[in-house]
Amino acid sequence: MPRSILFILLLLLSLSFRSYGQHATTTLGPLLKEIYAKARQYSLYTSKADWNTLEANTDSIRSTDDFLQRVRQLFKTLGDHHGALYFGGKRIGMQDTVAFTVRPALKDAFRHGPVEVKAQLLEPGYGYLLLPGTSKHDKQTCQQYQDRLCELDPKNLKGIVIDLRLNEGGSIYPLFTGVNQLLGSGAVVRSCDGNGAMQDKWFVEKGRLHLGNRIAASVKNGCKAGKNIKVVVLISQITASAGEMLAIAFKGRNNTLFIGEKTYGRTTLNAEFKLHGHYLALAAHFLADRNGHVYDDAVLPDVEMTEGDNFKDLHRDAKVNAALEWLKKP
């Protein structure tokens, strides 16, 4: 190829990249303005921000890195651990660059892929149900979680262990409908605003999950559970978001004990928006348990235990054994 033609091709290629970069950058200023507008209106923490300073010079975004830094600064200023911008396949938020060391026993449980729902009879009268997180919320998935509970025949159980140690979040629908018989009647969770004023009630009735006036999901109940069945909820450092919300739903329930660690700390309910092909989530509501206690951070255990997890052999799992010991107490 003659050198002159090669030079022209390289020049055109260079110009096309420059044009693409300029076009991409020019769209980031308006996108950032929309992110600020949504955060200012919907964020739980809007009063923490100096909006004049944050919103200054949004038209002078020089690069994608500059844009992402401004987004990170927004979430840091708000103190929003749960919200994020999903941009270019990555989660951009307050904690996307923060190192978080997961204990080996928890990490190893995911070594061979996603964790499945697991039901097991520990011994006569005492059951175990592992509820991992899932992003699926179709009727089939919800029914699968319910069916696993019913495999244990909870009507004839004295106690059950609900294991949320491997629940990193996802959809609340399979979780709440899956164990609806264990949660009891009335509001099990309430959403509330930044001032603690109660808003929507969450409750389950005959397999249906009600979020305020809306039926969000439903299953066909395949079993019943005794009203006085004892429950132990296991939580860990990676129990997050939807997993924490189900944990909150069990808080304040009679005959219930929490064993494990402080959870991850994404207990807020997010408002969600699609902006120019990207996805924005903002912490917009706190959640309160049935007794009105508001969770603005993590869920805490009643009995703190850090080590001793053994998902391959539950009979050698220290937390499961501690749960069984408590369940058997008169």
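This is a predicted model: local features need pLDDT of at least 70, side-chain atom pairs count only at pLDDT 80 or more; totals for chains, interfaces and linings use all residues.
**Close-up 1. The disulfide between Cys-150 and Cys-223.**
The link is left-handed, with -75° about the S-S bond. Its two sulfurs, one from Cys-150 and one from Cys-223, lie 2.2 Å apart. This bond ties together distant parts of the chain, as 73 residues separate the two cysteines. Cys-150 belongs to helix α5, which covers residues 139–150, while Cys-223 sits in the loop between β9 (214–218) and β10. If you count disulfides in the model with sulfurs within 2.5 Å as the rule, you get one.

Take Cys-150 to begin with: its relative accessibility is 18%, so it counts as buried. Cys-223 comes in at 14%, so it gets the buried label too. The cut-off behind that label is under 20% relative accessible area.

Cys-142 itself is buried, at 1% relative accessibility. Another cysteine to look up while you're here is Cys-192, which is buried with a relative accessible area of 0%.

**Close-up 2. Ser-241 and its contacts.**
Look for Ser-241 in the loop between β10 (230–235) and α8. Is this serine buried or exposed? Ser-241 has 14% relative accessibility, so it counts as buried. Its side chain makes a polar contact of 3.2 Å with the side chain of His-82. Setting aside neighbours within four places in sequence, Ser-241 touches His-82, Gly-169 and Arg-266.

**Close-up 3. Helix α8, tucked inside the structure.**
How many of the nine residues of α8 are buried? Nine of the nine are, so this helix (residues 242–250) is largely enclosed by the rest of the structure. Just past the end of α8 comes Gly-252, which takes a positive phi of about 85°.

How values were computed. Residues are numbered from 1 along each chain as its sequence is written. Side-chain values use heavy atoms; hydrogens and water are left out. Buried means under 20% relative accessible area, exposed over 50%, partly exposed in between (1.4 Å probe, protein chains only). Helices (H or I, at least four residues) and strands (E, at least two) are DSSP runs, numbered from the N terminus. A polar contact is a pair of N or O atoms within 3.5 Å; within protein, one must be able to donate a hydrogen and the other to accept it, and residues adjacent in sequence count only if both atoms are side-chain atoms. Contact means heavy atoms within 4.5 Å.
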